[in-house]
Amino acid sequence: MGKVSGLECVRCGRSYGLDMGPAVFEGCPECAKAGQPANLSTVYDLSGLDAKRLARDISARPRTMWRYIEFLPAERLDEAVTMHEGCTPMVRLNGLEEELGLGRLYVKQEYRNPTGSFKDRLASSALTHAVRVGAKVITTSSTGNHGSSSVAYSSRAGLDCIVFTMESVPITMKVLMQVYGGKLVACEKGPDRWNLTYWGIHERGWYPTGNCVNPPIGSTPFGVDGYKTMGLEICEDLGWRVPDVVVQPTAFGDGIYGMWKGFSEARQVGLVDSTPRIYAAEMFGSLSKGLLDPEKRLAEVDTRPTAAFSIGTSIGTHQAMKAVLESGGGAIAIGDDDELLEVQRKLGKYGIFAEASSCVSVAAVMRLAAKGTIGKSDTVVAVLTSTGQRDPWTTQSRMPAVPVVGADPARLAEALKGTYGFTI
Ligand SMILES: Cc1ncc(COP(=O)(O)O)c(C=O)c1O
Ligand SMILES: [Zn+2]
């Protein structure tokens, strides 16, 4: 069962004990002093795990992310704050695979999690830890997905959750965060949300599931661990083999770093014998720019209002950089709403409606294929992190108006021809 033995910095590697108190949420004190704030990461005692036996045990457990409990912050299954998250399907897109000249292309449908996004993994893991340490009030700042998951899992655990959002997020996001029971407030400026989160942690003892410092470092290490299960699931679904490349929509890098940890630990215990290259699909390109710097410093880049508002960050994190560098992957900045919304419509024809912020992964796969970075010999997994139902208005803005017809087949024929170019 999962045993956290300590913490280490994702940037400088310094070790810390588990007795840091709320400072654990603020990252490595030494890197902060050096002006390079960086998250801490849990260290698990994985010694004594036998890969064959572990694979057998895992396959006999219920199909939720908690089947990988050895890699999660709980010692018993009944401790988990769970709503059957994880074990999301990987669906092969043969048509797109052919179009792009790829060996195999899968999309991992993270929007099939309980609240409709991959953040449920983080929330399930973070809330399990929060309950263990006796938290009474949960908090986070969010444009919607993180907040929805945090609120839903807090309610599941019987705890209150205060969420700081922005006035500009779609009404669907606000409704979700409220209907699950969140105490939702909007801040005038983005960083105000982190200041209030920070205040709540220190003055009121709140437990944060998300980032609380500026510049951002990412979320509580005990939540990031939930994302390890994306990596473990991909390996298990491929018969305990790894794909060549995984592409993950990325903002503060909880997802990409957690997934990388999952792949690395799967290799460490012998469940698989290699790891994939992981690419961060970004909107505005902080990591892409940082990777060009010989010292790999994170770059601050310009942002603007975008359909990919869930990942519209101006600055990446060291944890994301670490995942990309250690895995031998890279970063692709899409930067163009039109390209994303075209990908969204393309996926629609495969029966998939993914949030524009999620579609960056498939847009990045298309760019990697066009450059020849991936090809016929590669198995590629693109993660679709959230559902398009979050923001139907932006999608609708690129659709034709729905034609109204009476009972007359001639009017029907005219409407189908005029709107869709379809002849009956
Ligand atoms: C749909 C979606 N995809 C990707 C991300 C990026 O997540 P991370 O901060 O883990 O990189 C977010 C974060 O809010 C999101 O909502
Ligand atoms: Zn450090």
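I'll start with helix H4, residues 119-132, which has 14 residues and spans 20 Å from its first C-alpha to its last, close to the 20 Å expected at 1.5 Å a residue. What I am showing is a predicted model. Is H4 enclosed or open to the outside? 13 of its 14 residues are buried, so the helix is largely enclosed by the rest of the structure. After H4 comes Gly 134, with a positive phi near 80°.

Next, the domains. The chain is divided into domain 1, which takes 90-116 together with 223-396, and domain 2, which is 400-424. Between the C-alpha centres of domain 1 and domain 2 there are 39 Å.

Now the sheets. One is an open sheet of 6 strands with mixed pairing, and the order is E4-E5-E13-E10-E11-E12. Strand E4, at 90-92, and strand E12, at 330-333, are its edge strands, and each pairs on one side only. On average, neighbouring strands in this sheet are turned by 25° against each other, direction ignored. At the E4 end, E4 pairs with strand E5, residues 104-109, in the antiparallel sense over 3 bridges. If you want a residue pair to look at there, Arg 92 has Tyr 106 in E5 as its bridge partner.

Which helices pack on this sheet? One is helix H12, residues 318-327, which touches strand E11, 277-282, and also E12. The direction of H12 makes about 140° with that of E11. Another is helix H14, residues 356-371, which touches E5, strand E10 at 245-249, E11, E12 and strand E13 at 379-384. For H14 the angle is about 140° with the direction of E10.

The other sheet on my list is an open one of 3 strands, in the order E2-E1-E3, with antiparallel pairing. Its edge strands are strand E2, residues 15-16, and E3, each pairing on one side only. Strand E1, residues 4-9, is joined to E3 by 5 bridges, and the two run antiparallel. Within that pairing, Val 4 has Tyr 44 of E3 as its bridge partner. E1 and E2 are joined by 2 bridges, again antiparallel, and there Glu 8 is partnered with Ser 15 in E2. As for burial, strand E3, residues 40-44, is mostly covered, with 4 of its 5 residues buried.

On to the ligand. How many residues surround ligand 1? There are 18, and the closest are Asn 145, Asp 254, Ser 310, Thr 385 and Ser 386. The elements that give two or more residues to this shell are helix H5, at 145-157, helix H10, at 254-268, and H14. H10 gives the most, with 3 residues. H14 has come up already, as a helix that packs on the 6-stranded sheet.

Gly 388 deserves a separate look. This glycine sits in the loop between E13 and helix H15, residues 392-396. Why does Gly 388 count as buried? Because 22 C-beta neighbours lie inside 10 Å, and the cut-off for buried is 20 or more. Its contacts, leaving aside neighbours within four places in sequence, are Gln 344, Phe 353, Ala 354, Glu 355 and Thr 395. Take Ala 354 from that list: it is 34 residues away from Gly 388 in sequence, and the C-alpha to C-alpha distance is 4.2 Å.

Last, some backbone geometry to check. The peptide bond from Asn 214 to Pro 215 is cis, with omega near 0°. Pro 215 is in the loop between strand E9, 207-208, and helix H8, 221-224.

Then there are residues other than glycine with a positive phi. Trp 240 is one of them, with phi near 55°. Its loop runs between helix H9, residues 228-237, and E10. Trp 240 has 17 other C-beta atoms within 10 Å, so it is partly exposed. Lys 296 also has a positive phi, near 55°. Lys 296 lies in the loop between helix H11, residues 286-292, and H12. With 15 C-beta neighbours inside 10 Å, Lys 296 counts as partly exposed.

That is what I have.

Notes:
Residues are numbered from 1 along each chain as its sequence is written. Chains are lettered from A and ligands numbered from 1 in the order in which they are written. This is a predicted model: local features need pLDDT of at least 70, side-chain atom pairs count only at pLDDT 80 or more; totals for chains, interfaces and linings use all residues. Two strands pair if DSSP finds at least two bridges between them. Axes are lines fitted to C-alpha atoms, for helices over the stretch in contact, and angles run from 0 to 180 degrees between N-to-C directions. Two residues are in contact if their C-beta atoms, placed from the backbone, lie within 7 Å. Domain bounds come from an automatic or database domain assignment. The expected span of a helix is 1.5 Å times one less than its number of residues. A residue is buried if 20 or more other C-beta atoms lie within 10 Å of its own, exposed if 12 or fewer, and partly exposed in between; C-beta atoms are placed from the backbone. A residue is near a molecule or strand if its C-beta atom, placed from the backbone, lies within 6 Å of it.
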